[in-house]
Amino acid sequence: MGLSRSAKRVLWFVLLCLTVVCGVVATEEEDGRRKHAYVAMMYMGTPRDYEFYVATRVMMRSLARLGVDADRVVLASVDVPARWVHTMQKEDGLKVVSVENLRNPYEKQGNFDKRFKLTLNKLYAWSLVHYDRVVMLDSDNIFLQKTDELFQCGEFCAVFINPCIFHTGLFVLQPSTEVFKNMIHEVEIGRENPDGADQGFLAGYFPDLLGRPMFNPPENGTKLVGTYRLPLGYQMDASYYYLKLRWSIPCGPNSVITFPSAPWLKPWYWWSWPVLPLGLSWHEQRRQNLGYGSEMPVILIQSLLYVGIIAVTRLARPSLSKLCYNRRPEKSTSFLLSMLKVATLWSMLAAYTVPFFLIPRTIHPLLGWPLYLLGSAALNSIVINVFLLPPLAVLTTWLGLVGALFVMAYPYYSDGLVRALVVFMYAFCCSPVVWASLVKIMGSLQVLVEREAYFPRLGEPNPPTAEFTKLY
């Protein structure tokens, strides 16, 4: 029985629609494109460019490990090194979008921080119109679980860490060419911006977000329309953890940790732990996702160098003492003593500061701290042997530092206040001991200078003793 003409038309239309849909899906699969994206920003011009490059890679790899159903994109300014771009594309599987730096008209404001000069590049997220939703991220985020439900949020959604101002370390947006052009226009005309960065600009662009409803993802997977506040669990400020040394965020899933702290206490720096306990969480993610292969050769070379220094200074001690205490008769004892005290104090200070700046900043704390302690011990051994100082007095500060690390790393404090009090009491008790060691060091220098006449000058024979002279 043949089909009627109208039935044939309907069947043809259905087949045409299926063909188009299949073609679109096939094209998207070939291009590797998805409807959603997690996006981070990268630009150059700060002393911490490499650290943020590493942090971005760790965060993006952790998202891949969680199995997110979205592209992972980096908005990289045109001056980002080509080798970094290649690494992110080939090794991390990221999509890198090259953008021109947006001129910041607010850089002459009195309160402007130069670190944020190029953060307005974040506005390029609205230009990614081939995505239906985008989650814009700062690099100092740690994802504890998958957050793909955020793609169901509306045109703009953000978390209020501050009670009155939302935080731009993570927010959801719907890309729009019209909105992007309007934002660029607002930047060009110098729209009022309290801090001159992306935070102040976006807070002014979306001024009514505080009064919007809280985001609750629909169970049927549909996308919401409008603007929403995100629960605090999507942007947990690390400072909340340090108060009780545990998370107690009641609203929303505890999904993302952010670190809006002082620049030099970001979690990827090796010295951030055990000063700030959560630093170890970031390094655990790096260990699992990226590793430390790029820094290990430097660590091994420095370790061998420090061990060699300790060995050489122990073997060369007699000759070093002659170099230090062989003075000419015309020099006054008081002047020599003053110079030795200054040289000793500066040498001890250098022993604790030089190794700190030689260690790769993003190495694991359990590698960074032992290397730092080894380096400071090696340089202190030079001080001990050059100035003939009592070893225990010189190493008192070193031992106190080791003790402080153990006090801070102790994992069983009831809350952050108790931990802070214990650290304070430890420092209070150690201060007199350290001061006494410095007094002993200065006294040792005094004694050695008074005995300096008994040291022969270089190139001269030892003077005869009184007993030997009497025999003749």
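**Before you start**

You are looking at a predicted model, in which local features need pLDDT of at least 70, side-chain atom pairs count only at pLDDT 80 or more, and totals for chains, interfaces and linings use all residues. Residues are numbered from 1 along each chain as its sequence is written, and side-chain values use heavy atoms, with hydrogens and water left out.

**Stop 1: strand E1**

Select residues 36–42, which form strand E1. Helices (H or I, at least four residues) and strands (E, at least two) are DSSP runs, numbered from the N terminus. Are the residues of E1 buried or exposed? Seven of its seven residues are buried, where buried means under 20% relative accessible area, exposed over 50% and partly exposed in between (1.4 Å probe, protein chains only).

Now show the side chains. In a regular strand they alternate between the two faces of the sheet. Here His36, Tyr38, Ala40 and Met42 point one way, while Ala37, Val39 and Met41 point the other way.

**Stop 2**

Look for Val39, whose bridge partner in E4 is Met136. In E2, Leu75 is the bridge partner of Met41.

**Stop 3: helix H2**

Select residues 49–66 to see helix H2, which makes a right-handed β-α-β unit with E1 and E2. Right-handed means that, with the strands pointing away from you, the path from the first strand over the helix to the second runs clockwise. Buried residues of H2 include Tyr53, Val54, Met59 and Leu63. Just after the helix, find Gly67, which takes a positive phi of about 75°.

**Stop 4: the cysteines**

How many disulfides does the structure hold? There is one, counting a disulfide as a pair of cysteine sulfur atoms within 2.5 Å. Select Cys153 and Cys157, which it joins with an S to S distance of 1.9 Å. Both Cys153 and Cys157 are buried. The torsion about their S-S bond is about -105°, so the disulfide is left-handed.

Next, pick Cys164, which is exposed, with a relative accessible area of 56%. Finish at Cys429: its sulfur lies 7.0 Å from the closest cysteine sulfur, in Cys430, too far for a bond.

Notes: Pairing = 2+ DSSP bridges.
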